[in-house]
Amino acid sequence: MNTSDSKLPLSGIRVANFGWVWAGPVVGQTLGFLGADVLKIESRARIDLTRMLPPFGEGIRDPDRSLSNHACWAGNGSVSLNLKHPEGRALARELIARCDVVIENFGPGVMDGLGLGWDALRAVKPDLVMFSMPAAGLTGPLKDIRTYGLSLTSTTGLDSLVGYGDGTPIPVENAFSDPYNGIMGAFAILAALHHRDRTGMGQHVDYSQQEAVMQMVGPAFMDYALNGRSAGALGNRHPRAAAAPHGVFPCAGEDRWIAIAVTNDDAWQALVAAMERPAWATAPELAALPGRLAALDDLHARLAAWTADQDDYELARRLQAAGVAATPVLNVADLLRDPHWRARGTFIEVVHPLGFKETIYGAYVKTSRSAITVRPGPRIGQDNERVFKRLLGMDDARYQTLVAAQTIY
Amino acid sequence: MPPGALHGITVLELGEYVSAPYCAKLFADYGADVVKAEPPRGDPSRTWGPFPGDVPHPERSGTYFFLNTDKRGITLDLSTPRGGELARALAAKVDVVIENHKPGTLASWGLDHASLAALNPGLVLISITPFGQTGPYSDWLGTDLNAFHLSGASSRYCGRPGEAPLEHGTFAADFYGAVTAATWGLAAVYGRVRVGGGQHLDVSCAEAIAATFVGGQNIGGCAQDGRFERRTGVGMPLGAPATILPCKDGHVWMLALEPGQWNGLARVMGNPEWMTVDIFQDMYQRAQNADAIYPLLVEWTMEHGKREIMDRCQAEGVPVTAVFTIAEAAEHPHLAARGYLTEIDHPALGRVRDLGAPFKLPASPGGPTRPAPLLGQHNAEVYGERLGLDGAALDALRRDGVI
């Protein structure tokens, strides 16, 4: 909780987050980074599967020690409440009456089944912002579709754009859509809060993860809308054919690559000069973009031959100095070593409440006035006493009874 | 129709290409009053297309149209002293300025945060760049491609081993940075009283992805154990089936991890003998035998169409989906039933189909409802209303090439 910090824009906003796995927790995390008091509602009766995701802090397999869980949930507090118990559900409603926002990412109807649907909740908190983010929205023929975050993109057209251009789509191996929707979901909530503050009205946000992600195919969709063309995979080529060369080229070492984007004719001349003007590159038809696009495959093959035995970082620095947009392609370990990300404090070490150190991501947006404090991911139920006793005014005897009954669990 | 949720917020966009324009579009589509200032030659995305019939025309770019709905457009050459002066006067009266120029560019125009904050203490300045305002690469040249590959996302998650790491085939880093900037920026506006004024937000597209997507699931383990993984070309190497497979008319995202899902898939496939083998009842063991399992699944998928596979699997509770082409996604009855797709009239493009609002706010519906502006379309309106400039003053600015 950040109530002592007046420099955070959402201090004073309280959020009950029923989100689980990744997208929902990141909605809460985003609001938490920005100062809201976010309470993830979870239970040992049905442990979130990401709490069992390895690796674990100090290698000890335990639901309070999953490192990726902590990174993705940092900023959420935790209240453990067994929603299978009627009293657990009643307590959830009592808590929501003291919240500004409810977040959930179950399928449509699940919250209704728990007695925590929109009609029930607006009755206890008339100006509530309820945020639901099912895969394909709350209505429509596909509303009950089952997907995982990593395959949700398939129904947006986005997956059809990913590949080497040989007709085979390459699956992105993790759910890009989860953190993307987690962050955009927070925008939706902020918009609804702005509306609430202006009009006094809450609302139930219908956030279709499919529709939000499909925005990313906007330029390709427009080609379909205007020309009836449905794009295919382009490799690393420019999505609108506005730059050439434009791709990823091999460098010296194991799995080392450089990304080069030549966005104008001057940059091409700079690249030609950096290559020491080989005959093929000085061909006059390559001097302008249309000629380079016409010869793109050959151009990329020749460029790859030139980069192949060079050091990725050194070459990137040399090309940058010459005026060419070039960057090394980083792997996961590089992220921790890279001077740029180190200088920006992208990753930070924190001490978990259980005492072990772990590395998670810090404030990935730099704010000149707000002092962002990043806390480690929560232990299950770490905020129980604060919430049930101090916020809801429960006496200790009742609290202990509910703990013993595994309602607070 | 009631006003959009962000009614009352005013934004000045000094953006080009994708990241800042999409960030500003999110504000505009949900009801903020967004003025986009373009150089007299226009946002370069006007040259990108897609154009109807592939005939280039600055007023007919589909990419520009998509990224700039619901905004008003003015022209302004920020690199001239008078242009900088006009921009300062406009920035003095808005809640938010959104820009995506190379770090230092705004300062060279007299529009750095300190100058603007002196005029407008409540201003939220949102700067979106590939690499950020600080750090050793802040003065590097960069595009969406560079940002994505500097994030670690491609090396870890996208492409076949031994082949080049891949991006998404769209401006994935720019969109990610835009969404991040919109969220943090709107929070900064919403919480101005609590924070004690406006501020400058430094958003790096690469950093947003490196932290929240790659960092979220990889960094803790890498820091603790010194181990990390690379792309495999398979959807999920730990469990199976979990990858994209070919079928009769395209591809399907084949996912059947939990026992109920595997059994459901078996029913759809007519309970083939091999699927009942003991070691195949566990997703981890199936992954270890993926080389045997995937060809057997493909034998079946190749006999069926993607819609049929998706419908039959979903009916059995198996989370298999068809890999939709752009056309298939655009024409899907679900999106039509939800009113996700919309049509907007545009003076140069005619009636244009467009993607609708990314999420639904029932009490304060979002756009897009108005087309992207023509170049300088709202010069008279905006300069008149905001700065009190009359026709003669605008003519003079036009003559001097400032607008």
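Student: How many helices and strands does the secondary structure of chain A come to?

Tutor: The secondary structure of chain A comes to 17 helices and 12 strands, where helices (H or I, at least four residues) and strands (E, at least two) are DSSP runs, numbered from the N terminus. This is a predicted model, in which local features need pLDDT of at least 70 and side-chain atom pairs count only at pLDDT 80 or more, while totals for chains, interfaces and linings use all residues. Residues are numbered from 1 along each chain as its sequence is written, chains are lettered from A and ligands numbered from 1 in the order in which they are written, and side-chain values use heavy atoms, with hydrogens and water left out.

Student: What makes both faces of strand E5 of chain A count as covered?

Tutor: Buried means under 20% relative accessible area, exposed over 50%, and partly exposed in between, with a 1.4 Å probe and protein chains only. In E5(A), A:Val129 and A:Phe131 on one side are buried, and so are A:Met130 and A:Ser132 on the other, so both faces are covered. In a regular strand the side chains alternate between the two faces of the sheet.

Student: Which residues show that strand E6 of chain A is covered on both faces?

Tutor: In E6(A), residues 203–206, A:Gln203 and A:Val205 are buried on one side, and A:His204 and A:Asp206 are buried on the other. Across chain A, 62% of the 409 residues count as buried.

Student: Why are E5 and E6 of chain A called paired?

Tutor: Two strands pair if DSSP finds at least two bridges between them; E5(A), residues 129–132, and E6(A) have 4 bridges in the parallel sense, and therefore they meet the definition. A:Val129 has A:Gln203 as its bridge partner, and A:Ser132 stands opposite A:Asp206. E5(A) also pairs with strand E4 of chain A, residues 101–104, in the parallel sense over 4 bridges, with A:Val102 opposite A:Met130.

Student: What makes strands E7 and E9 the edge strands in chain B?

Tutor: In chain B, 3 strands form an open sheet in the order E7-E8-E9, with antiparallel pairing. Strand E7 (242–247) and strand E9 (321–322) each pair on one side only, and they are the edge strands.
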